[in-house]
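This briefing looks at selected secondary-structure elements of one model and at how they are arranged. Please view the sequence and the structure first.

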Amino acid sequence: TEAVGLYNIGQSCCLNSVLQVFLMNIYFTRILRRITVPQGAARKRRNVPYQMLLLLEEMQCGKQKAISPISLASCLSAYRVELFVQHDAAQLFLTLWNLIKGQMEEPELVEEVSDLYTVCVQEHLACQKCSLETKRHSSMLTLPLPVLDSNSHKLKTLEDCLRYFFHPEELTNHNMCFCEQCGKKTPFLQSLKLVHLPQTLTIHLKRFHFEESAYIHKLSHHLPFPQDLDFNAVLTENQCQADDNEKAAWQYELFAVVAHSGSTHFGHYCAYIRSFTEYKWYCFNDSHVCQVLWDDVKCTYGHSNLHW
């Protein structure tokens, strides 16, 4: 009946935040509750979906304000998800999702968890010297949105990031592709068209920026995002490859934000999550959980001197 925190067991704030987003999603936990329990103590210890289910049941059935995720963390360490190191939330989300999907024994549950999170796009490549055009479908678990344009100018809103991500890009100079029809490398126009969006859409703001010198720095500038997002109002017809029935489902309500404060070398993760049952926002800061307002969530928009 109440939100439950997770103790920090050694720089585990990133793991705790990502786990809370998984376990607060009732569409995911409905799938998780239907898994087959592994046979044998050793298999149980090494099975990520089963350990997540045990953690969920302990959070829901216990009386504590916070519990320890040590059993799940020990399970993950067998798959090189280490403790006492800083993780990147987007990378950890992908790692966890692949472990969950790979260790579910039921094909129908694998399909359901894939449908819940997977984005489908159509990749286009068109030679600018002849009429050759190639198309292929691909899938992704997150929309990895840049927060800077090609000229290193800051994009101002989430909607701007989406438009830029789906905007065609010219591949010229050292980025040219080999054209089989021309028989040589030529300029190409590369673009993505949206085909399908899942029930739970994960957007990754690429705030960690790689310089040519291999130096990494964090982009903390202010970038607002809405509580409600309609892709039909953001993308053009040329950026979509879907029928009207598919597009009718492209309307989203914000459910969770995983936010990082600090720099590339040190920092802290928190998760802001809206309860499906109460429609209230909570801040999950490891073992400390408190109810917050939308104005509090806005602090994750970013600022060069952000402290929260």
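A hairpin of five residues joins strand E3 to strand E4, strands and helices being DSSP runs (E, at least two residues, for strands; H or I, at least four, for helices) numbered from the N terminus. The model is predicted, so that local features need pLDDT of at least 70 and side-chain atom pairs count only at pLDDT 80 or more, while totals for chains, interfaces and linings use all residues. Residues are numbered from 1 along each chain as its sequence is written, and side-chain values use heavy atoms, with hydrogens and water left out.

**Strand pairing**
- E3 (residues 119-127) and E4 (residues 133-140) pair in the antiparallel sense over eight bridges, where pairing requires that DSSP finds at least two bridges between two strands.
- Val119 has Met140 in E4 as its bridge partner.

**Helix H5 and its buried side**
- In H5 (residues 70-77), Leu72, Ala73, Cys75 and Leu76 are buried, that is, under 20% relative accessible area with a 1.4 Å probe and protein chains only.
- The buried residues of H5 pack against helices H1 (13-23), H3 (41-46), H4 (48-61) and H6 (89-103), contact meaning heavy atoms within 4.5 Å.

**Contact of H4 with H5**
- H4 and H5 pack at an angle of about 170°, with their axes 9 Å apart, the axes being lines fitted to C-alpha atoms over the stretch in contact and the angles running from 0 to 180 degrees between N-to-C directions.
- The two helices, H4 and H5, are therefore roughly antiparallel to each other, a term that applies to angles over 145 degrees.
- Val48, Gln51, Met52 and Leu55 in H4 meet Ser71, Leu72, Cys75 and Leu76 in H5.

How values were computed
Buried means under 20% relative accessible area, exposed over 50%, partly exposed in between (1.4 Å probe, protein chains only). Angles under 35 degrees count as roughly parallel, over 145 as roughly antiparallel, 65 to 115 as roughly perpendicular and the rest as oblique.
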